[in-house]
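Colleague: Before we discuss this model, please show it to me, and then let us take its features one at a time.

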Amino acid sequence: MNRLPRWLAHHVAALRVVVVLTLTVGLVYPLAMTGIAQAVLGRRADGSHLEKDGKVAGSELIGQSFTGTDGEPIKRYFQSRPSAAGDGYEPGATGASNQGSESVVDVLPDPADPESGKLSLLTEVCARSKAVGELEQVSGARPYCTSDGVGAVLGVFREQGLSGRATRVVSLNQACPATPFLATYEGVAVECAEPGDDYSKALVVPVRGDAPADPVVPADAVTASGSGLDPHISPAYAALQAPRVARERGLSLDRVEDVIKQNTTGRALGFLGEPGVNVLTLNLALDRES
Amino acid sequence: MSPTAAGIIFIVSLVVALAVVYKPLGDYMYRVYSGTRHNVAERGIYRLIGVRPDRDQRWGAYARSVLAFSVISILFVYGMQRLQDKLFLSLGMAPVTDHVAWNTAISFVTNTNWQAYSGESTMGHLVQMAGLAVQNFVSAAVGMAVAITLVRGFARNRTENIGNFWVDLVRGSVRILLPIAVIGALVLVAGGVVQNFASPHDVATLAGGTQSITGGPVASQEVIKELGNNGGGFYNTNSAHPFENATTWTNWLEIFLIFLIPFSLPRTFGRLVGQNRQGYAILAVMGTLALASIVLTNVFEIGGHATVTQAIGSAMEGKDVRFGVPDSATFAAATTLTSTGAVNSFHDSFTPLGGMMTMFNMMLGEVAPGGAGAGMYGILVLAVLTVFVAGLMVGRTPEYLGKKIGSREIKLASLYFLTTPTLVLIGTAAAMGNSAGLAAMLNSGPHGLSEILYAFTSASNNNGSAFGGVTVNTPWYDVALGLCMVFGRFLPIIFVLGLAGSLARQAPVPVSAGTLPTHRPQFVGMVVGVTIIVVALTFLPALALGPLAEGLS
C-alpha cells in the first residue's frame, strides 16, 4: 500500500471494503436468514399460501378481486376494497391512487373518445358509494356527492372574479345533458358542464348536501388502499355484505356472521392497528360450506 | 376501544419501549466506537482491505475515505443494475435504464432510498440483496461514523486525529446493525414477511382469474431498511405491502426499528463526552419535536379536514385496513422525522395539513431524531448555532462542551444549514420553470406544487419518501434529484468533519460563571426554538403556496 499514491490508496481500500461487505451483509446474511427462516418458519417465509382442493389459491396476506370477467362483482363472494394495483390486486404492479384529498374536479371525457378525461378522487368515491349501495340495496348517499354518483361541485363565476354577484354557475362534474344536482345557486340557474369548455376562471365550490356525516357504505368500501393488495375489509363492510352473500348462497345470516367472526382479526394486544376481516379466507371458508 | 384511544396507547407504548432500550443500546454503541480491541473477524476484514486499524486519520483523510468509499459504492451499484440480466437471480428483468440506475445508485449510497423505479418490475433478487441492501447497511454506518467523529471533536483535545473511518464503518456494520438485523428479520418472518428466492408464480384465484404471487429475500432487507433509516421498499408500495409489513404488530416493530438507533445515540454522545446529562438534553430536544409532530399528524389525519375526506368519512384513501388512520399517521411522522422514507400509507392522499406535517418534518433538517447518525450530527450543529445565538445576546464568546465556537466553527455550521434549503428551493424553482418538470405533476394547483416541493425536500434531505403523484422516472427528474441527493448528503458531511477537526484541535476552555449550561431545560427550549425558527423562516413561503393554500382554502 505504501507505494501507491495517497488518493489511490483510499480508492483501493474502498473497493476492497465494498467487496468484503457485499459478501458478508449482501450474500452470507440474506442466505443465512433464508436458510433459518425456511427451516423454522417455512410457511410464513414462503408467503402464507392458502390451498383450495389441494391447489394453491393465493396467499392469506394478499387480497384478491372477486369480480367476474365483465368486472362486475360476483354476488356469492364478499367483495374486497377498490384497488389501484394494475387492473386490481395485481402483485406485479402494486400501487396507490396518489390522488389528493382536495381532488374534486373531473376532466370530463370527450364524447367522441369515452376513454379520455380523468376522474377526480371525489367522483370516484361517489361512484363507488352509489354502486355499493345498489349492490347491497342500501343508500349510497355521501356528503359532497350527487345522486347520480359524481362529486357535487359547482364552478361559480363572479362579477369581480373572486367576489361580487354570481353571474354564471356550472355543475362541473355533470356532463351535459345531465340534470344539475341543484336547480339554482344564489338565484342563478345551474348549468350542466360541456366537455372541453374552460371553467378555470370559476371558483370551485363543493356542495355538502344533506347526506349523513356517517354514511351507510363504510369508508374502506369507497377508497383504494395503500398497497393495492389490502387483504382486509372493515367489520362494518363485512356486515353490510353479509345479507347478500347469505341470500346468494342459501345460508342463514347467523351462519355467515359466524364465519365472518372466525375470519376477523382484532387489534393485536388490544391496541395495535385496526380490526379487519380477511376477505380471501372468509370466501374460502364459505366455499367449503356451500 | 375507539381508534383514537388505541392510537394514543400505540404512541405511548413506542415511547416506553424506546425509553427501555435507551441506556443499554446507547452504552453498547459507546463501547463499540470507543473500544480498542478488534475481534478475529474484524482483524481478518482489515487485513483483506489493507488498512491499519490502529492508525487514526486527520479530518481531511477521514473525509477523503468517506468520499472514496461512496464513489466506489455508487459505481458498484450502478454496474450491478446495468448488468443484472447477466447475473444470477435476475428473474428475467432487463438491465435498468441508465438514468434510473444512476439515480438509484446515488439514492441508496446517500441513505436516501428515493425510488424512481418499481421494485417488483425492475430489480431482480441479486441486485436487491447484494447491491441495494448492502448500501442499506453501510450508508447507515457511514452516517453513524460521521456523527461519532463529530462527538470525538468535542471529546478530544489538542489533536489532529479524529478516528479511523474504516474501523468506524466496519464496527457500525457488523457490531451494531448486523446483530439487530438478524433478530429483527426472523421476528418479521414470524409475522408473515416473506424470505425466499421464488420467482413470481401464477395461482388460480377463487373468482377464476389468475394472480402472480411474488417472492424475494424481503425480511432480511425490510429490517435493515427501517433500522438503518433507508426506506427503499423491496416492492413498489413499500411498507404498505403485506409481504413487507404483514400485521398490525409488525407495523409497530417497524416504527420501533426506525426510531431505535437515532433515539439511542444521544446516550452514546453523553458517554463519549463524559456527561450523560448532555445526552439527556439532546434527547429532550429530539423527543419534544418528535412527539409534537406525531401528535399533530394524528390530529390532522383523524380530524380529516378536506372535502374528499369528509365525503369518505375518514382519511382511508391510500391506507390499509389493518393499520387504520392513527397508526398510519404515526408511521408517516416517524418515517419523515428520521431520514427513513419508507411508507405504510400514501402521503399524497393525506389531508393537506397532515401531508404538510410530513414535509415539515423533513424540512426540520431531520434532526428529531433524524437518520442513523445524520440526525445526531444535525442536532449537534443546531446546538452549536444555539450557543452562538445565545452568546450574541449576552455578549460572550460562545462555548459548547468546553470548546470555543469561533468564526471557523460558526461558518461551517452555517454552511451546513444553508445547503439543504438552497437545494430544495432552487430545485423546486427549476422544476416549476421548465416543461419537463411541470409535465410530471399528477394533481393540479397547490397540490401539484406540493408534490414537486415534497420531491426536492425528500431528495435534498436524504429522506426518500414521495408524495407519490409525481412521475419521477424521467431523465430530467432522475438527474436533478440525483444531484440534490449527492450534494444534500456529502456537503453537510464535509462541513461536519471539518467542524470535528477544528474542535479536536482546540484546548478545552474551563467552565466559568459565564458558561451557558447546556443540560438545563432552558437550553433544550432554546434549541427547539432555533430549530423551528431556522426552518419556518426558510420554508414558510413555499409551504404557503402549497399545502397551506390547499388546507386553509
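Modeller: A disulfide is here a pair of cysteine sulfur atoms within 2.5 Å. This is a predicted model, in which local features need pLDDT of at least 70 and side-chain atom pairs count only at pLDDT 80 or more, while totals for chains, interfaces and linings use all residues. Residues are numbered from 1 along each chain as its sequence is written, chains are lettered from A and ligands numbered from 1 in the order in which they are written, and side-chain values use heavy atoms, with hydrogens and water left out.

Colleague: Is the disulfide of A:Cys126 and A:Cys145 left-handed or right-handed?

Modeller: A search of the whole structure finds two disulfides over all chains, and one of them joins A:Cys126 to A:Cys145 with an S to S distance of 2.0 Å. The torsion about the S-S bond of A:Cys126 and A:Cys145 is about -80°, so this disulfide is left-handed.

Colleague: How many residues apart in sequence are the parts that A:Cys126 and A:Cys145 tie together?

Modeller: Helices (H or I, at least four residues) and strands (E, at least two) are DSSP runs, numbered from the N terminus. A:Cys126 lies in helix 2 (residues 121–136) of chain A, whereas A:Cys145 lies in the loop between helix 2 and strand 3 (153–158) of chain A, so the pair ties together parts whose separation in sequence is 19 residues.

Colleague: Is A:Cys176 buried, partly exposed or exposed?

Modeller: A disulfide also joins A:Cys176 to A:Cys192, and with 100° about the S-S bond this link is right-handed. Buried means under 20% relative accessible area, exposed over 50%, and partly exposed in between (1.4 Å probe, protein chains only). A:Cys192 counts as buried at 18% relative accessibility, whereas A:Cys176 has a relative accessible area of 25% and is therefore partly exposed.

Colleague: What is the area buried between chain B and chain A?

Modeller: Contact means heavy atoms within 4.5 Å, and 100 residues of chain B are in contact with 99 residues of chain A. Buried area is the accessible area (1.4 Å probe) that two parts lose on being put together, summed over both. Carbon and sulfur atoms give 67% of the area buried between chain B and chain A, which is about 7,900 Å².

Colleague: How many salt bridges does the rule find across the interface of chain B and chain A?

Modeller: A salt bridge is a side-chain nitrogen of Lys or Arg within 4 Å of a carboxyl oxygen of Asp or Glu. Across the interface of chain B and chain A, the number of salt bridges that the rule finds is zero.

Colleague: Which helix gives the largest share of the side of chain B that touches chain A?

Modeller: The largest share of the side of chain B that touches chain A amounts to 10 residues, and these come from helix 7 (residues 165–191) of chain B.
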